[in-house]
Amino acid sequence: VRHGEGPLSFDLAADKQGTDNYRDNNAFRQKSISGGVEWAVDGSRLGLRVESARQHGRLPGALTQEEFDANPRQTTHPNDFGSLDSDRVTVFGEHRIGSVELAAELSHREREVKSAYDFGSGPSESTYRSRQTQFSPRLRQMSRRDGMLNEFVAGVDLTRWERSTSFGSESSQDAKAVYVRDEMRFASVYNARLAVGARHERFDKEDDSGFGSPEQGEQSQNGWSVEGSIDPVAGITVHAKAGESYRIPNADENGYRASSGLLDVQTSRDLELGVTAGSDARRISARVFRHRLTNEIFFDPTLNGFGANTNLDPTRRQGAEVEGHLTFAGDWRITGQLQHVKAKFTDGPNAGREMVLVPKNVVTARLAWMPATGQTADIGAQYVSNQRVGNDFANTCSARIPSYTTIDARFAQKVGNWEFAVNGLNLADRQYYSNAFGCRSGIYPSDGRQLKLSARYDF
């Protein structure tokens, strides 16, 4: 429900979900509530938002290849379960002075995760709690000059992250970042656009596992991007992008690592070149890309007996993507997408070998019928090629995650303010999986056929 009158408005939403899911010991329950209040007048805005969720789920665990072939619905861990409680409070404000917009956001989030795993002698329970506070002020200015529209953004992110566990582990992380971005649009010059941006971040980390001296570390990281596009002729847009991005390991990832030191920052050098041609009725676009990753943060199932987070040797992902859509006969629309990726290690003992859990080809096609009678229908198919299992860094496992094709469809009918729909997923009831963390083991089956009926009333 949402209500607004004058400068004051508010909204409130509640949600409850429950499902037994596809596998045994895989039930899931969730309750959530969120609400906000906002005051806005004369270029100023001030608001408060509160969100809270409670989740509980049973955990069926992984299967071996033989177990999957015999019964993909079964569980080998009938006593395992987990829960997640999450609460977030956010205060935000904006104020406009001429062409300058000043804004700030202060948020605080708390999470509590409980889990129980049965290693053969009964469930072993553990709990960890984390809290994060972030303050993000920013400035945005829009200006026009000689036919050019310029947007300038600058801001600061200040973050504090803390984590504690029931087995004595404590960790924390402080981060301070500053960023700027400027985008220029030249509508009179082939609809050209150029944007440049940069970010610098410094962070301090501390982790105490309870079994030795605390690990401490201080690092700084830079990121940048340059991107632009131009329409050389009507109906054709060419774009290019280059940059370096990064991802900081959070306290959760550092809390479950195999190395004695803290995890390093993951970095990626990115290049992309693409072209788009056509109109709203018929359009096709293609792009080529390359990502060179260093210190990729990855869950390695071969470490510590049960797996752990680590930094991988350098890898490279490069490939091409083509997508398009066509509207024909007035009411019909067909869309398609093809992605081809080559992912390999570029250094270390596995240099030249394929990266795990990355399919080379993904093909998606969809046909939709949208007459002006309140009815809609669509059917789609997706093909995913085979891929290396999660621990096969040396490419020595003769088994792979098999390729699979899934089909889904939906039909809906509107009657006044009501919409009634039937939705089918994996209509062919294909028995498949897209996650396997061991050679013929560590398999997490995907869902079989699902049929859903829904009714929606808008008022």
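**A close look at the disulfide**

Tutor: In this predicted model, Cys397 and Cys439 form a disulfide, with their sulfur atoms 2.0 Å apart. The structure holds one disulfide, and the link of Cys397 and Cys439 is right-handed, with 80° about the S-S bond. This pair connects distant parts of the chain, since its two cysteines are 42 residues apart. Cys397 sits in the loop between strand E20 (375-384) and strand E21 (404-415), whereas Cys439 sits in the loop between strand E23 (433-438) and strand E24 (441-445).

Cys397 has a relative accessibility of 9%, and because buried means under 20%, Cys397 counts as buried. Cys439, on the other hand, has a relative accessible area of 32%, which lies between the 20% limit for buried and the 50% limit for exposed, so Cys439 is partly exposed.

For context, we can turn to Thr315, which lies in strand E17, a strand that covers residues 315-328. Thr315 has a relative accessible area of 2% and is therefore buried, the limit being under 20%. The side chain of Thr315 is joined to the side chain of Arg317 by a polar contact of 3.5 Å. Leaving aside residues up to four places away in sequence, Thr315 touches His291, Arg292, Leu293 and Glu296, and also Lys344, Phe345, Thr346 and Met355.

Key
Residues numbered from 1 in each chain as written. Predicted model: local features only at pLDDT ≥ 70, side-chain atom pairs only at ≥ 80, totals over all residues. Heavy atoms only, no water. Disulfide = S-S within 2.5 Å. Helix = DSSP H or I, 4+ residues; strand = E, 2+ residues; numbered from the N terminus. Buried < 20%, exposed > 50% of the residue type's maximum accessible area, 1.4 Å probe, protein only. Polar contact = N/O pair within 3.5 Å; in protein donor to acceptor, adjacent residues only side chain to side chain. Contact = heavy atoms within 4.5 Å.
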